[in-house]
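Here's a quick walk through one protein model and its ligand. Have the structure open alongside as you read.

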Amino acid sequence: MSERVAIVTGGASGIGKAIAEALADSGDQVVIADLNAAAGKELADIIGAHFVKTDLSQRTDCKRLVDETLAHYGALHILINNAGFQHIDPIEAFPEDMWDEMLHVMLTAPFLLTKYVWRTMKARGWGRIVNMSSIHGRVASPFKSAYITAKHGLIGFTRTAALEGGEHGITVNAVCPAYVRTPLVESQIADQARTRGISIEAVVEKVMLEPAAVKRLITPEEVAALVVYLCSDAAGAITGVDWAIDLGWTAR
Ligand SMILES: NC(=O)c1ccc[n+]([C@@H]2O[C@H](COP(=O)([O-])OP(=O)(O)OC[C@H]3O[C@@H](n4cnc5c(N)ncnc54)[C@H](O)[C@@H]3O)[C@@H](O)[C@H]2O)c1
């Protein structure tokens, strides 16, 4: 299929940026949706994408993103629900507003965007939705209660949407990376060092890579390559799956 149109949320940085670049490289028209207008516009200019400033914690912004994409390109084939962020605190100190915002951006927004793109994908009989969960959608770690709850929930939503999409040619999958070298992880390393009272080097070696068989961080491009495959025609039989890209973390 030529001239596919893809929305990538959180496309201004890290994994989303690598996905936007990889989809544009393979010939897709890309819409970058992000809170960060400066970085989003800069990337859009470089790769020939369209930028839509979007706050995914707002229902109206989710709707506007889909409406603007359809108005700009007249079609929509691919949705990558990638935006997310982390907050680390023990449950007793976890800010309640932060819980609400994290659940909204990482669980409710993927539901809303899926709902809003459904009609056009269904009418075409073809669609690809990839939800960026995490290895923390499959296993837990302390101090990340909202993130882990959202990412587990996103896998449940992925399976439900896959069952509803199958007869309409819409596949829905989740991708579950372990630690990827991005700005989100760089700041988390510092936060974990503070919360656990250990050095930055110890966080990487003893906390992040301790359960991994492959002792290195993942690159954003490795995650993007899996997403591009899941968006291909060749992956049409693959749906409802939570794809680990986790350095062997969950092999034991
Ligand atoms: N980096 C990792 O190790 C890792 C591992 C597993 C899963 N993930 C997931 O991958 C996704 C991308 O993470 P990343 O590491 O590239 O992070 P990142 O911080 O580099 O990029 C996240 C992007 O999301 C955007 N964003 C945040 N809140 C938003 C909102 N309310 N509305 C619109 N945009 C918003 C940010 O502006 C940023 O551009 C996240 O969902 C994250 O949970 C990351």
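## Around the ligand

Keep in mind that this is a predicted model. The ligand is surrounded by 29 residues, and the closest of them are Ser13, Asp34, Tyr147, Val180 and Thr182.

The side chain of Ser13 puts an N or O atom 2.7 Å from an oxygen atom of the ligand. Val180 uses its backbone instead: an N or O atom there lies 2.6 Å from a ligand oxygen atom. Asp55 has a polar side-chain atom 3.2 Å from a nitrogen atom of the ligand.

## The nonpolar cores

The largest nonpolar core is made up of 45 residues. Which residues have the most contacts inside it? They are Ile19, Ile32, Ile80, Val175, Val223 and Val227. Take Ile80 as an example: leaving out residues up to four places away in sequence, Ile80 touches Ile7, Val8, Thr9, Ile19, Leu23, Val130, Val227 and Cys231. There's also a second, separate core of 32 residues, with Leu56, Val117, Ile129 and Ile170 among its members.

## Rings and a charge

How many aromatic pairs are there? The count comes to two. One of them is Phe111 with Phe157: the ring centres are 6.1 Å apart and the planes meet at 85°, so this pair is edge-to-face, the label for angles over 60 degrees. The pair ties together distant parts of the chain, since Phe111 belongs to helix 4 (residues 96-124) and Phe157 to helix 5 (residues 145-165), with 46 residues separating them.

The charged end of Lys63 sits over the Tyr116 ring, 5.7 Å from the ring centre.

## Helices 6 and 7

Helix 7 (residues 200-208) has Ala202, Val203, Val204 and Met208 as its buried residues. Helix 6 (183-196) is part of what covers them.

Ala190 is a residue of helix 6, and with 39% relative accessibility Ala190 is partly exposed. Ala190 and Ile200 are ten residues apart in sequence, and their C-alpha atoms are 6.3 Å apart in space.

## A buried threonine

Is Thr171 buried or exposed? Thr171, in strand 6 (residues 170-177), has 4% relative accessibility and so counts as buried, with the limit set at under 20%. Not counting residues up to four places away in sequence, the contacts of Thr171 are Gly127, Arg128, Ile129, Leu230, Ala235, Gly236, Ile238 and Thr239.

## Two positive phi angles

Which way do the phi angles of Phe143 and Leu247 go, positive or negative? Phe143 isn't a glycine, yet its phi is positive, at about 75°. Phe143 lies in the loop between strand 5 (127-132) and helix 5, and at 30% relative accessibility Phe143 is partly exposed.

Leu247 is another non-glycine residue with a positive phi, near 60°. Leu247 falls in the segment after strand 7 (242-245), and with a relative accessible area of 13% Leu247 is buried.

Notes
Residues numbered from 1 in each chain as written. Predicted model: local features only at pLDDT ≥ 70, side-chain atom pairs only at ≥ 80, totals over all residues. Heavy atoms only, no water. Phe/Tyr/Trp six-rings, centres within 6.5 Å; stacked < 30°, edge-to-face > 60°. Helix = DSSP H or I, 4+ residues; strand = E, 2+ residues; numbered from the N terminus. Lys NZ or Arg CZ within 6 Å of the ring centre and 35° of its normal. Core = buried A, V, L, I, M, F, W, Y, C linked by side-chain atoms within 4.5 Å. Buried < 20%, exposed > 50% of the residue type's maximum accessible area, 1.4 Å probe, protein only. Contact = heavy atoms within 4.5 Å. Near = heavy atom within 4 Å. Polar contact = N/O pair within 3.5 Å; in protein donor to acceptor, adjacent residues only side chain to side chain.
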